[in-house]
Amino acid sequence: MMIAPHSVCGSRNAESDARSMQDFHYSPTSSCSEASTVRKRNPLAVAAKSVARSFVACFTPPETTNYKNFDDSEEFKPPSVASYATGSNRDRRRISGRGIYGSPQNSVHGREPGSVKFTMEEIYKATRNFSPSFKIGQGGSGTVYKGRLEDGTVVAIKRAKKSAYDKHLGVEFRSEVQTLAQVEHLSLVKFYGFFQNENERIVVVEYIPNGTLREHLDCLHGNVLQLAVRLDIAIDVAHAVTYLHMYTDHPIIHRDIKSSNILLTENFRAKVADFGFARMAADTDSGATHISTQVKGTAGYLDPEYLKTYQLTEKSDVYSFGVLLVELVTGRRPIEPKREIQERITARWAMEKFAEGDAISTLDPRLERTDITDLLLEKILKLASQCLAPRRQNRPGMKKCAEILWGIRKDCKELSASDFRSLSSNSRSSSVRKE
């Protein structure tokens, strides 16, 4: 089987791949306007080079600035490792964000993230008085600016809307600050501090330079994310949500898992952002199974059982994650009002196609189709179908989702290695016959 240069099992970092094999050039993205192609000069040699590139890329970890040996760290091992599998629920939840998942070395002013209470003067200086040129985002709850603190740290500064008539904005601000202050994880945006008075509510978090996942799926950055990169992004998000559900002092439900809340680093590592809707989960130690609360979230991602009953559990995040998985493989938004009626709700349409045995028709048309792509698509949609179960008790937990995704990633690597060995063997046989 021939695997094209932008194989689904590619690495996420072009520079580290180039250093590993200088003859090959790999990018985690391909041009939005051009399909990946192979020039037919010497088919066997080209195929061998392509598979070799995929093989090396699969086993070359992405380069990161702050977390160099991530494959050896607890965070990037499958969730079945001992730190996940042992101990009671209460013991596991008490593994703090500053324990196995902690990374305090990048704290502002030498203090731990979240410990800084900023002054308005510092905020004005960092944003040049909220200069329009520093504006990087606009949302329903406020405006986001890029800023630089006095110590040189580049940050994102979220300025909440000013409205004396919207009490929810104040609630969301307090929820975001309280949640961010107690969590720290490689796949969550790092919290540096906040400022609040009667007129201003400001949250300061780390600046993530590469935009949102939704922007990349919409091709706004000029390239198409390859399927392997999308799989790794799903794994990052699964780890982050698993951490919120199981490894904080008290389980946290995000309530707004969606592609526009997934930020991407320059190395295509995913970080979950925006905790305005976050809520503490029910205290299972006291026998509670859910919390009853007003419905919050984004249309297209909302758990239908939560919508009907107002009963919120961690499984509501799992449902949203299922929608995100469908979004990753199709490239479509959860709601596509301009499409035919049967295709407007993307998750429903994709699940119907999957049930009919026609999963391939849901694949983002900008992605190149290979045998491995087909396999990944089937496995990811199968997990999505479990996450999207109408009743929450039929959905897997986020820990299980992370384990399944790791298994899919492992299958991808093994298939690439097998293809490489097979092609190498055929190449040697052909050479012998020619002699």
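Me: Does T265 count as buried or exposed?
Reply: T265 counts as buried, because its relative accessibility is 13%. The idea is a cut-off on relative accessible area: buried is under 20%, exposed is over 50%, and partly exposed is in between, with a 1.4 Å probe and protein chains only. Keep in mind that this is a predicted model, where local features need pLDDT of at least 70, side-chain atom pairs count only at pLDDT 80 or more, and totals for chains, interfaces and linings use all residues. Residues are numbered from 1 along each chain as its sequence is written, and side-chain values use heavy atoms, with hydrogens and water left out.

Me: Where is T265 found?
Reply: Look in the loop between β10 (262–264) and β11 (270–272). Those labels are DSSP runs numbered from the N terminus: helices are H or I with at least four residues, strands are E with at least two.

Me: And which residues does T265 touch?
Reply: A contact means heavy atoms within 4.5 Å. Not counting residues up to four places away in sequence, T265 touches I208, P209, N210 and K271.

Me: Let's zoom out. How many helices and strands does the protein chain have?
Reply: The protein chain has 13 helices and 14 strands. It runs to 435 residues, and 51% of them count as buried. For contacts with a separation of 6 or more, 67% join residues 24 or more positions apart.

Me: What does a positive phi tell me?
Reply: Start with the background: most residues other than glycine have a negative phi, and most peptide bonds are trans. F268 is not a glycine, yet its phi is positive, about 65 degrees. F268 is in the loop between β10 and β11, and it counts as buried at 9% relative accessibility. N129, also not a glycine, has a positive phi of about 60 degrees. You'll find N129 in the loop between α5 (120–127) and β3, where it is exposed, with a relative accessible area of 57%.

Me: How far apart are the C-alpha atoms of D232 and F268?
Reply: They are separated by 8.6 Å, although the two residues are 36 residues apart along the chain. D232 sits in helix α8 (residues 227–246) and is buried, at 8% relative accessible area. R391 lies in the loop between α12 (371–387) and α13 (398–434) and counts as partly exposed at 48%.

Me: Which residues of helix α11 (residues 346–355) are buried?
Reply: An α-helix has 3.6 residues a turn, so residues three or four places apart point the same way. In α11 the buried residues are T346, A347, W349, A350 and M351. They pack against α10 (314–330) and α12. Just after α11, G357 takes a positive phi of about 80 degrees.

Me: What is the volume of the largest pocket?
Reply: About 1,100 Å³. On a 1 Å grid over the protein atoms alone, a pocket is an open set of points with protein on both sides within 12 Å along at least five of seven lines, a cavity is a set where a 1.4 Å probe fits but cannot get out, and lining residues have an atom within 4 Å of a point. Points are joined across faces, edges and corners, and the volume is the space filled by probe spheres set on them.

Me: How many cavities of 30 Å³ or more does a search of the whole structure find?
Reply: Six. The largest cavity has a volume of about 80 Å³. Its lining has 15 residues, and R255, Y301, L302, S316 and S320 are the closest to its centre. α10 gives the most to that lining, with three residues.
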